[in-house]
Amino acid sequence: MEISPTTSNAKVSNHIPDDLVNSILYKLPIKSLKHFECVCKSWSHLIIDSYFMTVYRNYLLSKDHSFYDDTSILLHSTKKVKYDLYSLSGERFENKVKLDWPKVPLHPSVRGVKIKHSIHDISKDNVPPSRVGDFSFEILRPISINGTLCLEYPEIPDINDHTKLILWNPTTKEFKVIYLHKSNHLSDVWAHHYQFGYDHVKNDYKMI
Amino acid sequence: MASSSSNLISLKTSDGTVFKVERALAKTMKTVQAIIEEADANIYMIPIHNVFSHHMDMIIDYYKLSVAGKSKEFSVEKLDNDELKDFLLAVHYLNMEDLFEVLTQAVADRLEKKSVGYVRKYFGIENDFTPEEYAAIRKKNDWAFKGDDIEPEEDEEKQEE
């Protein structure tokens, strides 16, 4: 830790050293952290830096979380044909909030294809080029890792035999589409045997 | 005369007050500890810059509570945000690990619901974004700005009218 020498008896200067700023940022809830990303450029770079985020996450995980106060349940409702996602929080899980699925843009070649599935048909004329998918998703082996879920499109046909999976963080709304190659000789049965996990050595997510 | 086997260390704050503290307390201040260890002879009095007597009072309170296993009872509620910042800077200078964690958490808790403008002022930070850059980040993190208990931005309130 750097000590800046001062010989004056004047009041302590207003300038806050960087390591001190970081120590405060690590202790903010994720919402505030993202809120303050626009304070200044150096903060915005810091907050998305992966090393910073690793330390931040370790702080979050090591904090004492009250089982009753901080837990929320995600409810994946498969009512009728559309899947909805809700978050239930509060002491008796009385606060029910509907979560919006991520707006994942449709692959260009999908838009020309007539999509038929058990829910409803969508003709190609109704899908404008920039239209985002209004689909609902399956959650893979319902598990959440560090707040991230892995979603599957149940209805979209594979383009070029690529299966699409989506890593999605419902809190920050960030998502990432993953394309997996499907070997020609694998049957549909195999297609649903993925597993999704986190490798803390490589500090990244892993799909098996 | 200061005896070399004395259990008390003399610390002189910025405002000229001398505190005689137990060696164990001085040990929690890594900065002071470093000064003691570096000195060839026994130090008579250690000046601690950036630390005022009201800071030392609180440091001693915290020390007494933590020795008694009651560190959770320590509270900085009575300090306003700027006083808390000054105290944090003093503890940061002295390099006191536990109290530092307590105070940074207290500051984080206070800043949680504040506006971006307030945070800039608090840390003395200039906004170096262009209006377009700011708007882009704001849009990306729009969900983080929503909430009844969050302080609204000064300039945005005017713009929305």
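The lining of the second largest pocket has 6 nonpolar, 4 polar and 8 charged residues. Here Ala, Val, Leu, Ile, Met, Phe, Trp, Tyr, Cys and Pro count as nonpolar, Asp, Glu, Lys and Arg as charged, and the others, Gly among them, as polar. This is a predicted model: local features need pLDDT of at least 70, side-chain atom pairs count only at pLDDT 80 or more, and totals for chains, interfaces and linings use all residues. Residues are numbered from 1 along each chain as its sequence is written, chains are lettered from A in the order in which they are written, and side-chain values use heavy atoms, with hydrogens and water left out.

Stay with the pocket. Its lining comprises 18 residues, and Lys72(B), Glu101(B), Val102(B), Gln105(B) and Asp109(B) lie nearest the centre. Two elements give two or more residues each to this lining: α4 (50-62) of chain A and α5 (97-111) of chain B. The largest share, 6 residues, comes from α5(B). Helices are DSSP runs (H or I, at least four residues), numbered from the N terminus.

Now the contact between the chains. Chain A puts in 38 residues and chain B puts in 46; contact means heavy atoms within 4.5 Å. Together the chains bury about 3,700 Å², 66% of it on carbon and sulfur atoms. Buried area is the accessible area (1.4 Å probe) that two parts lose on being put together, summed over both.

Which charged pairs cross over? Between chain A and chain B the count is 3 salt bridges, each a side-chain nitrogen of Lys or Arg within 4 Å of a carboxyl oxygen of Asp or Glu. Glu37(A) forms a salt bridge with Lys140(B), with the closest N and O atoms 3.1 Å apart. On the side of chain A that touches chain B, α1 (18-25), α2 (30-35) and α3 (41-48) each supply at least two residues. That side divides into 18 nonpolar, 11 polar and 9 charged residues.

Over all chains, the structure holds 11 salt bridges. One joins the side chains of Glu97(B) and Lys30(B), at 2.5 Å from N to O. Glu97(B) sits in helix α5 and Lys30(B) in helix α2 (residues 30-38) of chain B, 67 residues apart.

Note on methods: 1 Å grid on protein atoms, 1.4 Å probe; cavity = no way out; pocket = protein on both sides within 12 Å on 5 of 7 lines; lining within 4 Å.
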